[in-house]
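Subject: Structure handover

Hello,

Here is the structure I said I would pass on. My notes on its aromatic residues follow below it.

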Amino acid sequence: MLAILFCSCLVWGKQNTYQTFYDYKLQEFEAMKQSDLVFLGDSLTMRHNWSNFGASNMGIDGDTTAGILSRMHLASDAKTIVLMIGVNDILNQVPLVRIQSNYTKILRKFSHDQKIYILSLLPVIDAAQTRKINQDIRTLNKWLQTQTKEYGFDYISLYPEFLDKDRKGLKAEFTTDGIHLTTKAYKLWSKLLQMKLPQ
């Protein structure tokens, strides 16, 4: 399980293969008829059907804050955007200061004519090898909560609801490989969002 976790941001193997996939997804987003609500993110967003929200899914496996920054203009027509991003940056050992810098640029580029919801990152499974990862996730979430409010957007903290009984990492029943989510986890995520998003 942990081996899969640490390789999760390299699922596509060769860089050229991943870039081809990424470019295909960008073309798909450019061609799609977007809903008023768009979900932006990485594999955690991409690997779920958000149609019960009437949303367009603009998640891409392996994406990062830098990737969102380069493609967020594709969601410029959306009335509402829900964003979760950053865990792949942390898995790739991108310094937190750079992740925060990218996030600041993202927040500055969002339009105040749009309703913006920034989601906390979720924990990963707790293990000796993942303690630093979860620590960085907690640090980034605290920073995100403050920054999101400063820019006048809404922050939704999902993190506490996904913690195991020791409150150290992701519940085992919520994950398939230490980071990616089970159907049960997505049901909880959807339930929490339904309580926050306008109906």
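Phe53 counts as buried, because its relative accessibility is 16% and buried means under 20% relative accessible area (exposed is over 50%, partly exposed in between, with a 1.4 Å probe and protein chains only). Trp50 is buried too, at a relative accessible area of 1%.

This is a predicted model: local features need pLDDT of at least 70, side-chain atom pairs count only at pLDDT 80 or more, and totals for chains, interfaces and linings use all residues. Residues are numbered from 1 along each chain as its sequence is written, and side-chain values use heavy atoms, without hydrogens and water.

Searching the whole structure gives 11 aromatic pairs. Rings of Phe, Tyr and Trp (its six-membered ring) pair if their centres lie within 6.5 Å; planes under 30 degrees apart count as stacked, over 60 as edge-to-face and the rest as tilted.

Tyr18 and Tyr22 are both buried.

Trp50 and Phe53 form another tilted pair, with 6.1 Å from centre to centre and 55° between the planes. These two also belong to a cluster linked by ring pairs, together with Phe39, Tyr186 and Trp189.

Regards
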